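Colleague: I would like to learn how to read a structure like this one. Could you take me through it step by step?

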Amino acid sequence: MNKAQLVEAIADKLGGRQQAADAVDAVLDAIVRATVSGDRVSVTGFGSFEKVERPARYARNPQTGERVRVKKTSVPRFRAGQGFKDLVSGSKKLPKAGEVSVKKAPKGSLSGGVTAKATTKKAAAKKTTAKKATTAKAAAKKTTAAKATAKKATAAKATTAAAKKTTAKKAAAKKTAPAKKAPAKSAARKAATKRTAKR
């Protein structure tokens, strides 16, 4: 079954070929966009689509047998859901033509007006918010570190200034101390000279 046949198969259920073609295009586009952005698209009962990183490796050219280096790449992967597997293996019977083979979404899980674009925008908004939060945290850390450095520098300056003041006071005390002692010595000499004179 190709895409045109798929559109024809669902045209009767959707009320026309154009509506069916638009629906198929919208579903496929939503799956591709979400998978490319790294999101996992999971449809209950059908399967899931996801982006997988394939590391660099060596492969063999099937024509020449030559060993070839293959670069690291990303590839899409589809994993069939259990319901799909059961239907294919035959452990479950396929529903009649009018019934849906894949489980319908539970009531309340689908909200009106929500499209793939809205989901993509929400995912982009979440990524942007996460980036802004990370940037804000980094800026806060830098600011805190700068403030701490400034406080240390201020404390060092204050310590240096206090040390200079203490040194200046000690120097002044040394200069004034001999001046005070000198008059005392001269007074003692005068008293000794007077005593000698009296004798």
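Colleague: Let's start with charged pairs. How many salt bridges does a search of the whole structure find?

Modeller: First the general idea: side chains of opposite charge can pair when their charged atoms come close. Keep in mind that this is a predicted model. In this case, the search of the whole structure turns up five salt bridges.

Colleague: Which side chain meets Lys-3 in a salt bridge?

Modeller: That partner is Asp-25, with 2.5 Å from N to O. The pair links distant parts of the chain, as Lys-3 sits in helix α1 and Asp-25 in helix α2, 22 residues apart.

Colleague: Where do Arg-33 and Asp-29 lie?

Modeller: Both are in helix α2, four residues apart, which is about one turn of the helix. Arg-33 has a relative accessible area of 52%, so it is exposed, while Asp-29 at 35% is partly exposed. Elsewhere, salt bridges that share partners join Arg-40, Glu-50 and Arg-79 into one network.

Colleague: Now to the helices. How should I describe a packed pair?

Modeller: In general, two packed helices are described by the angle between their axes and the distance between the axes. Here, helix α1 covers residues 3-14 and helix α2 covers residues 17-36; their axes come within 7 Å and cross at roughly 120°. That angle is why α1 is called oblique to α2.

Colleague: Is the crossing of α1 and α2 left-handed or right-handed?

Modeller: The crossing is right-handed.

Colleague: Which residues in α1 meet α2?

Modeller: From α1 they are Lys-3, Ala-4, Leu-6, Val-7, Glu-8, Ile-10, Ala-11 and Leu-14. On the α2 side they meet Arg-17, Gln-19, Ala-20, Ala-21, Ala-23, Val-24, Asp-25 and Leu-28. Sorted by class, this contact has 11 nonpolar, one polar and four charged residues.

Key:
Residues numbered from 1 in each chain as written. Predicted model: local features only at pLDDT ≥ 70, side-chain atom pairs only at ≥ 80, totals over all residues. Heavy atoms only, no water. Axes fitted to C-alpha atoms, helices over the stretch in contact; angles between N-to-C directions. Helix = DSSP H or I, 4+ residues; strand = E, 2+ residues; numbered from the N terminus. Parallel < 35°, antiparallel > 145°, perpendicular 65-115°, else oblique. Left-handed = near helix turned anticlockwise from the far one by under 90°. Contact = heavy atoms within 4.5 Å. Nonpolar A, V, L, I, M, F, W, Y, C, P; charged D, E, K, R; others polar. Salt bridge = Lys/Arg side-chain N within 4 Å of Asp/Glu carboxyl O. Buried < 20%, exposed > 50% of the residue type's maximum accessible area, 1.4 Å probe, protein only.
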